[in-house]
Amino acid sequence: MNTTYLAVEAGDLAVEASGFFLENVWIIPAIMAVSFAIILGAGKRMPKGGSEIGIAAVGVCFILALLTAGQWVGQVNAAEACTPETCDYVKYGTDEDGEPGYVANKSVGADHSDDHSEEGDHSDEDDDHSDEGAFPVDAGAGSSDGESASGFTAFVDAEEGSTAAAPIAVISERTWWSNGGIDFTVGTMVDGLTVTLLVVVTLVSLLVHIYSTDYVAGDRRFTHYFGFLSLFTAAMLFFVTSANVLQMIVGWELVGVCSFALIGHWWEEQPNSDAALKAFLTNRVGDMGLLIGMIILFFASNEKWGIVDINAAAINGSTSHTLLLIASLCLLAAVMSKSGQFFLHTWLPDAMAGPTPVSALIHAATMVVAGVYLIARMYGVFFNGLSIAGSSINALAVIGAVTTLVGASLAFVQDDIKKVLAYSTISQLGYMTLALGVGAWTAAVFHLTTHALFKACLFLGAGSVSHAVHSFDMKKDMGGMREFMPTTYKTFLIGSIALAGLPPLAGFWSKDEILAGTGGWGFWEGESHANGAYTVMLVMGMITAAMTAAYMTRVMYLTFFGEFRGGHHDDHGHAAADAHDDHAHHGDPHESGPRILWPLRILAGLAVVAGLMNLPKGFLGLPSGITLRFEHFVEPLSATGYFPKISHADPSWSLAIFSTLVVAFAVGVAYYYYFVRVNAQSPSATELINGPTARNKLLKAGHTMLKNRYYLDHIYDSGEPVGAAGATAMGVIFGSAAGLTLGFSLDNGLDQNFWPSAIWGLVLGLTVFTIVTAALRTGVGIATATKRPLANAANWVHENIIDATVDEVGKNSVKTADALYKYIDQGVIDGSVNAAGRGSQGAGGELRRWSTGQVQQYATVMFAGATLLAGLLIIVI
Amino acid sequence: MTALSGTMVLAAETVVAQNVFFYLIAAVMVIAALRVVTTSNIVHAALYLVVVLAGVAAQFILLGAEFVGVTQVLVYIGAVIVLFLFGIMLTRAKVGAEDGLNHDNVAPAILTAVLLVLVMGYAVIDFAKVPWSDSSLKIDVLDRAPTTVEQVSDSIFSTYIVAFEAISVLLLAALIGAIVVARKE
Amino acid sequence: MYLVQFLVLSSILFCIGVYGVLARRNAVLVLMSIELILNSVNINLIAFGAFNGAAIPAEVFALFIIAVAAAEVGVGLALVLTIYRNSKSIDLHQVDLLKG
């Protein structure tokens with residue numbers, strides 16, 4: 001394989017795009033929202049409990065998404081064939097009124113050097129030919145490292161004056177509210193990234209809908225469940241098609257609410273409602289970062305809410321670097337909570353208390369990638385704010401790398417199959433964040449796509465197995481499922497191989513692209529084509545790949561091989577695991593029905609072929625029309641103005657072979673441990689009795705730490721005593737990490753000295769950690785006291801008011817008024833008064849600790865407060 | 001008064017003397033004040049307070065407020081400290097050092113005090129701007145004589161007569177109040 | 001001599017007094033610290049008066065402060081005595097009737 005790109009810049013031009021579906025993409029979330037309303041209103045009386053509406057709506061949306069994707073592909077191809085006669089070129093600049101926006105690009109076709117006199121469009125327009133002499137440089141289209149921008153590659157020498165262009169995102173907007181010079185618009189923005197997510201979300205949602213009709217059949221709140229599935233899909237689609245950051249915030253919050261509702265679907269059992277609350281509160285903590293970051297960006301980009309405007313302002317340098325850095329870090333906090341990055345990931349494993357299809361949809365394929373999508377969307381901000389192009393490590397990459405390792409390490413010690421997959425998801429999300437942090441944008445988005453497919457396959461497979469044995473505990477209730485459930489076994493196997501990253505399945509291609517994107521490989525081989533010497537990231541990624549393969553082998557063994565250990569429990573292992581309240585008990589577990597199996601087959605099939613979408617450049621000598629298709633259609637060109645100029649790493653055969661060997665080695669080790677040693681001990685054994693952790697103290701200590709999930713939950717949950725040592729240790733570790741990261745970032749980006757920045761980062765990190773911990777502990781504490789009566793009241797309202805009202809109005813209006821009086825006055829008002837009383841009791845318990853009766857303490861507080869106020873007055877005013 | 005005024009009727013060169021005295025006395029005051037709040041012997045605390053109060057009186061005299069200085073000595077050192085010593089005695093304070101005079105956790109107090117010092121320091125420096133060379137803020141006590149008792153008493157009994165009466169009533173109220181609060185049933 | 005010297009001195013004394021009020025456990029010691037505070041204020045006052053030519057109002061004010069401080073110490077000690085009589089201790093840790 002060629003190790004260099006013959007760089008061709010396809011003119012670096014942009015044109016407008018259009019298309020019916022592209023401009024009217026708002027229909028897609030709207031359909032789902034309408035479906036939500038109909039299901040909640042009328043679903044109970046429908047023959048299939050509302051699921052048919054949901055499935056129909058999602059099916060329609062999926063087809064529309066495919067059509068939209070098709071139109072976008074057409075637009076990309078059309079733009080590529082543009083000539084100055086046929087197309088109107090545009091660029092992002094200022095128009096006659098001085099307002100930034102897309103204006104006609106008149107300097108096309110004649111002389112390429114004109115293209116780069118666009119007002120500050122390309123921050124690196126001057127360093128085109130100066131570096132990387134190893135690469136033949138082409139038509140003066142300012143490529144920074146002599147590499148091609150996305151997609152327009154060829155193995156022939158460049159043509160001077162190429163006029164091929166790329167489409168800009170299709171934005172359709174209308175004004176929502178106009179006030180004193182600030183216009184609030186709502187609109188949609190469609191480009192390659194949007195279209196990818198549209199397809200993925202609708203596809204997985206459709207399959208989950210079909211799957212759920214079997215999985216939650218007979219459930220106590222079947223209709224409610226489908227209603228919220230629709231609402232979630234609507235919210236996610238709304239989020240993905242947002243044109244401005246306000247809409248993104250709305251969508252973000254809405255998916256958080258739906259996640260809360262769906263995780264706590266069986267909220268009558270305390271652990272489920274606790275898990276839902278934990279998910280919501282942890283997300284809330286991160287949402288502060290989202291709000292602050294977005295507000296900073298609004299003011300820093302000259303008061304613009306639009307995604308394109310904010311990114312363009314970041315890229316062309318009109319936003320100050322410091323503000324970009326701060327905003328990126330704030331948004332990073334939001335991403336950490338939503339996408340389960342380390343130290344705010346604690347909600348994800350607990351969220352497995354929800355029904356398995358929900359886990360598959362929300363916590364594997366869609367909601368958790370909202371954070372990754374946010375970064376990908378606002379990549380101009382992150383790229384410039386965190387100086388990703390520089391050679392120094394940035395916070396995003398560090399957090400991603402740490403998350404991959406943490407997630408993978410924790411996946412080893414779980415007994416619950418869904419928890420293994422949850423930690424695996426955390427680990428893979430870490431991969432995506434890592435990729436974004438090292439500048440491998442397409443690798444991250446591609447991994448997002450493939451991960452959605454095979455992780456959903458794995459989750460649904462786990463659900464299928466649990467459907468048969470009514471439990472999720474691998475050690476106690478599974479084993480030898482291969483004979484009982486052959487299809488599930490095969491699809492799960494395919495999913496596992498894809499996750500582990502063995503060729504030629506999808507995971508291999510996307511993971512390898514990320515590993516190559518870190519650039520650390522070339523560092524060893526003497527090529528200098530890196531985004532930075534992120535060798536550490538590469539090593540961490542490699543280790544994680546090995547661990548992934550190993551723990552999936554473990555899961556395979558415990559679930560599908562050996563002897564069947566279950567069937568002796570008459571209780572429903574996890575009460576939450578079994579959605580069939582009235583399911584008859586069978587003797588042996590049996591394969592699931594077609595509505596469960598067909599989604600599994602489809603996803604497994606996709607997991608096999610999806611990798612072919614983004615074959616590396618020059619793979620096996622294939623022409624450029626077949627390789628890198630995904631990148632070609634999805635990655636925006638920097639000419640569009642809202643995407644930075646990023647460099648692409650060289651694909652490397654040696655890296656691919658090495659990583660495959662590493663993965664194979666890991667599989668081999670795990671295979672030896674489980675299939676050979678454990679199996680030799682006994683066919684129904686689940687681990688070695690005299691294994692390494694029993695013999696070695698250090699390993700045992702490590703194992704205990706993993707079992708306790710690094711003690712993070714002990715710190716966050718006010719119900720458990722805080723290990724002061726642990727909390728301090730975590731705080732110090734986090735603070736130091738933040739310090740180092742900030743030190744490196746500022747050192748690299750702003751040319752500040754390392755040590756002051758590092759110390760600031762340490763202080764900031766410790767402060768943030770303390771605030772987060774305090775917020776989580778207080779939030780959980782207060783909420784715990786109020787949620788049970790509130791949840792009861794809310795459910796009561798829903799069941800007895802909404803449904804009863806609808807029925808009564810239909811029957812007899814006098815009786816309706818009577819019922820309304822009785823239910824609302826008695827039930828709601830009294831119920832809420834009582835709940836308020838219990839709430840204040842709970843809050844009072846927390847606040848009681850402040851009134852000690854020590855007058856001097858009061859005086860201290862008063863004095864300190866007065867001093868601060870005085871200081872503020874004097875110093876600030 | 002002549003002995004005290006002697007230091008002030010010297011020539012301009014000996015303004016140095018006033019500065020020297022000021023700094024000496026200020027240093028002594030600060031150290032004594034620190035000892036008041038940190039010593040573990042309560043009687044010693046009262047005695048250090050005497051030192052501080054005496055220092056304050058000296059500062060008053062340096063500033064030309066002789067009557068106030070003398071009143072300070074009479075009232076504060078003469079009466080208030082005696083009250084304190086009586087209070088210490090009546091509440092059976094231990095003779096010699098005792099522990100338990102400070103809170104276990106003095107960190108908030110230190111923090112508040114430091115914060116306060118910083119804020120006030122900022123305010124003062126901000127006010128003075130270039131503190132040590134601005135001559136308009138410099139006092140040259142030779143310019144005027146120290147204020148006399150007649151001036152002060154004239155002022156009290158004419159301009160501030162209402163306040164004076166109010167203070168008298170206050171003292172009466174305090175007297176009665178203290179008796180009522182502290183009497184044995 | 002400069003005005004600032006006196007202001008700085010008075011601030012330092014004030015802060016030492018504040019520390020004493022907040023950190024001392026014995027009620028009498030707290031009252032002593034309050035005296036420190038009042039005296040620092042007096043210095044401040046007289047210093048401003050001397051430097052701004054309004055010496056006499058400043059001195060009158062200072063005299064009044066001395067009088068009020070004396071009254072306050074009297075009443076304060078009376079209270080302390082009562083507390084001592086009731087609970088045999090003037091440790092402020094144990095005077096936590098405001099608790100709850």
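This is a predicted model: local features need pLDDT of at least 70, side-chain atom pairs count only at pLDDT 80 or more; totals for chains, interfaces and linings use all residues.
**Entry 1: a strand pair**

Strand β2 of chain A covers residues 89-94, and strand β3 of chain A covers residues 100-104. The two run antiparallel and are joined by 5 bridges. Another pair I found here is A:T94, which stands opposite A:P100 in β3(A).

Next I checked how the chain gets from one strand to the other. β2(A) and β3(A) form a hairpin, with 5 residues between them. In that turn I noted A:G98, which has a positive phi of about 85 degrees.

**Entry 2: the rest of the sheet**

I found strand β1 of chain A, residues 13-15, joined to β2(A) by 2 bridges. This pair also runs antiparallel. Here A:V15 has A:Y89 as its bridge partner in β2(A).

I came across A:V15 again when I looked at β4(A), where it stands opposite A:P167. β1(A) and β4(A) pair in the parallel sense, over 3 bridges. A friendly reminder from my notes: strands of a sheet pair through backbone hydrogen bonds, either parallel or antiparallel.

In what order do the strands of the sheet lie? I wrote down β3-β2-β1-β4 for this open sheet of 4 strands in chain A, with mixed pairing. The edge strands are β3 and β4 of chain A, the latter made of residues 165-167, and each of these edge strands pairs on one side only. From one strand to the next, the twist averages 50 degrees.

I also looked for a helix against this sheet. Helix α3 of chain A, residues 51-80, packs on it and touches β1 and β4 of chain A. The direction of this helix makes about 155 degrees with that of β4(A).

**Entry 3: two helices of chain A**

I moved on to helix α7 (residues 245-263) and helix α8 (residues 270-300) of chain A. My notes say that two packed helices are described by the angle between their axes and the distance between the axes. For this pair, the axes come within 9 Å and cross at roughly 175 degrees. Angles over 145 degrees count as roughly antiparallel, so α7(A) and α8(A) are roughly antiparallel to each other.

Which residues meet here? On the α7(A) side I listed several, including A:I249, A:W252 and A:F260. On the α8(A) side I picked out some of the residues they meet, among them A:F280, A:L290 and A:M294. By class, this contact has 13 nonpolar, 3 polar and 2 charged residues.

**Entry 4: chain B**

I counted elements in chain B and found 7 helices and 0 strands. Read along the sequence, the pattern is α-α-α-α-α-α-α. Of the 185 residues in chain B, 27% are buried. I also looked at contacts between residues at least 6 apart in the sequence of chain B: 58% of these join residues at least 24 apart.

Then I picked one residue, B:V82, which is found in helix α4 of chain B, residues 66-90. Is B:V82 buried or exposed? It has 11 C-beta neighbours inside 10 Å. The cut-off for exposed is 12 or fewer, so B:V82 counts as exposed. I also compared B:V82 with B:A46: they are 36 residues apart in sequence, and their C-alpha atoms are 9.2 Å apart in space.

**Entry 5: where the chains touch**

I looked at chains C and B together. Here 58 residues of chain C are in contact with 71 residues of chain B. Which element gives the most to the side of chain C that touches chain B? It is α3(C), with 22 residues. That side of chain C has 44 nonpolar, 9 polar and 5 charged residues.

**Entry 6: confidence**

Last, I looked up the scores. Chain C averages a pLDDT of 89, and 97% of its residues score at least 70. For the complex, the predictor gives an ipTM of 0.91 and a pTM of 0.62.

Methods: Residues are numbered from 1 along each chain as its sequence is written. Chains are lettered from A and ligands numbered from 1 in the order in which they are written. Two strands pair if DSSP finds at least two bridges between them. Two residues are in contact if their C-beta atoms, placed from the backbone, lie within 7 Å. Ala, Val, Leu, Ile, Met, Phe, Trp, Tyr, Cys and Pro count as nonpolar, Asp, Glu, Lys and Arg as charged, and the others, Gly among them, as polar. Axes are lines fitted to C-alpha atoms, for helices over the stretch in contact, and angles run from 0 to 180 degrees between N-to-C directions. Angles under 35 degrees count as roughly parallel, over 145 as roughly antiparallel, 65 to 115 as roughly perpendicular and the rest as oblique. pLDDT is the predictor's confidence in each residue, from 0 to 100. A residue is buried if 20 or more other C-beta atoms lie within 10 Å of its own, exposed if 12 or fewer, and partly exposed in between; C-beta atoms are placed from the backbone.
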